[in-house]
Every structure is written in structure tokens, then in C-alpha cells.
Amino acid sequence: MSHVQRPGLSRRVLPLLLIPLGLQAGMARAETQHLALNGHNAVSALHAKSLLGSVDGTFSQVKGQLDYDLSDQTCKVDMTMIVDSLKVDRAVMRKLMLSGALLDADKYPTMHFTGHCVPVVRNGRVITQLVGDLTMRDQSHPVSFVTEMIFHHNTLVKLRSTTTFDQRRWGVSTMLHTVHPMVSSTAEITLDADTP
């Protein structure tokens, strides 16, 4: 699902997330924050590989909402990417990505991710996963992102989520094995726009 050098569609897909808000870690009481997502605070990017080279794309049109409660470490994300807004450095690669064999922007104008944060213990430490469903080409399948929480002093300023998935599950063609089936996706949400 992403911005300074934002990765492209094939470099960061999907799913999905950066949001400006500014949540204080020492909040006096539990309070759910609501943030409307847009192309300024949310980034969804994809990274893919083909025989023509790597494809990196970023969706410039993103909308949705993030609900986050820092006191109990919960979050819900609902994000939609406009497929035709995908920015790719090379025009030929953008045309390939939006073609009927791959994302098929004409027939399927949006991609959508909805999910929630889940704490998971891995190698003796707690990490956060963003678990949900990715809808692409009118098909929905489960996807889990590993989410990094980035703090500035005691303030959460960013959520950065990454995953890799097999795009064939959504009916995307490998074009006779010229396109690698595995795609990486990054989503970033910026919670505090004033923090670098």
C-alpha cells in the first residue's frame, strides 16, 4: 500500500502508509485518534521485477482512515489506492503495470486494504503486524505487514509497514514468466508532519 523518493508500484505495493498526526506516548487517558489518509500523509508503493528490469511505483492518490489508540497499542487502517495514479519512473514500465495482464487499471480502478494491528512475539521480542485483506482486481486475500513504529522522543511519528506477496493469487499474469510473481509492498503513515 506511499514523499522523498517514494518507491514505485512494483517496489512498494500495496498495501500501504504514512500519516501526520502527533500522538503523545504519555497520554493521560485512553483516546482513539482518527486520521483521514490522503496522498500527503499516506504512501503506498510497490516493487516488482521483470526481464525489463525492476519496477518501482508509488500511488499518488490515496484515501482512507487510520484509527489508533497508543495506550493499548491498537490500530485500524482502511486505505484505498487509485490504480491509475501509479507513478513509475519509466513510461514503458508504467504502461506495463497498468495493462490488462497486470493491474488492469481500466477494469479495476482501485486497490483497497483494510486491517488492524496485532502484537506478535518473534525471536523473544514483540513486533507489530498489520493484518488484513488486500483487494486487487476485485479479489480479496489476506496479507500481513510487519509494522515499524517510529518515535521522535516520546511521540509516535510514523508507521511503516512492509510485506511481500505472490500477485498470482489476485489473478495477475507473469506474462510467460517475464514478470516475477513476488511483489514487495510498503505502506507508510506519517503521524507528525512537522518531524523530519
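**Close-up views of a predicted model**

One disulfide (a pair of cysteine sulfur atoms within 2.5 Å) is found in a search of the whole structure. This is a predicted model, in which local features need pLDDT of at least 70, side-chain atom pairs count only at pLDDT 80 or more, and totals for chains, interfaces and linings use all residues. Residues are numbered from 1 along each chain as its sequence is written, and side-chain values use heavy atoms, with hydrogens and water left out.

**View 1. The disulfide of Cys-75 and Cys-117.** The sulfur atoms of Cys-75 and Cys-117 are 1.8 Å apart. The link is right-handed, with 80° about the S-S bond. Helices (H or I, at least four residues) and strands (E, at least two) are DSSP runs, numbered from the N terminus. Cys-75 counts as buried at 5% relative accessibility, and Cys-117 is buried with a relative accessible area of 9%. Buried means under 20% relative accessible area, exposed over 50%, and partly exposed in between (1.4 Å probe, protein chains only).

**View 2. Arg-137 in the loop between strands E9 (125-136) and E10 (139-152).** Arg-137 is buried but has no salt bridge (a side-chain nitrogen of Lys or Arg within 4 Å of a carboxyl oxygen of Asp or Glu). Asp-104 is the nearest side chain of opposite charge, 4.5 Å away; Lys and Arg count as positive and Asp and Glu as negative, while His and the chain ends are not counted. The side chain of Arg-137 reaches the backbone oxygen of Leu-102 at 2.5 Å. Not counting residues up to four places away in sequence, the residues that Arg-137 touches include Tyr-108, Trp-170 and Val-172 (contact means heavy atoms within 4.5 Å).

**View 3. The buried residues of helix H1 (residues 91-98).** These are Met-93, Leu-96, Met-97 and Leu-98. They pack against strands E3 (42-50), E4 (53-59) and E7 (86-88).

View 4. E2 pairs with strand E5 (residues 62-69) in the antiparallel sense over five bridges; two strands pair if DSSP finds at least two bridges between them. Asp-67 in E5 is the bridge partner of His-34.

**View 5. Leu-37 of strand E2.** Leu-37 is buried, with a relative accessible area of 5%. Leu-37 and Ile-189 are 152 residues apart in sequence, and their C-alpha atoms are 8.1 Å apart in space.

Key:
Polar contact = N/O pair within 3.5 Å; in protein donor to acceptor, adjacent residues only side chain to side chain.
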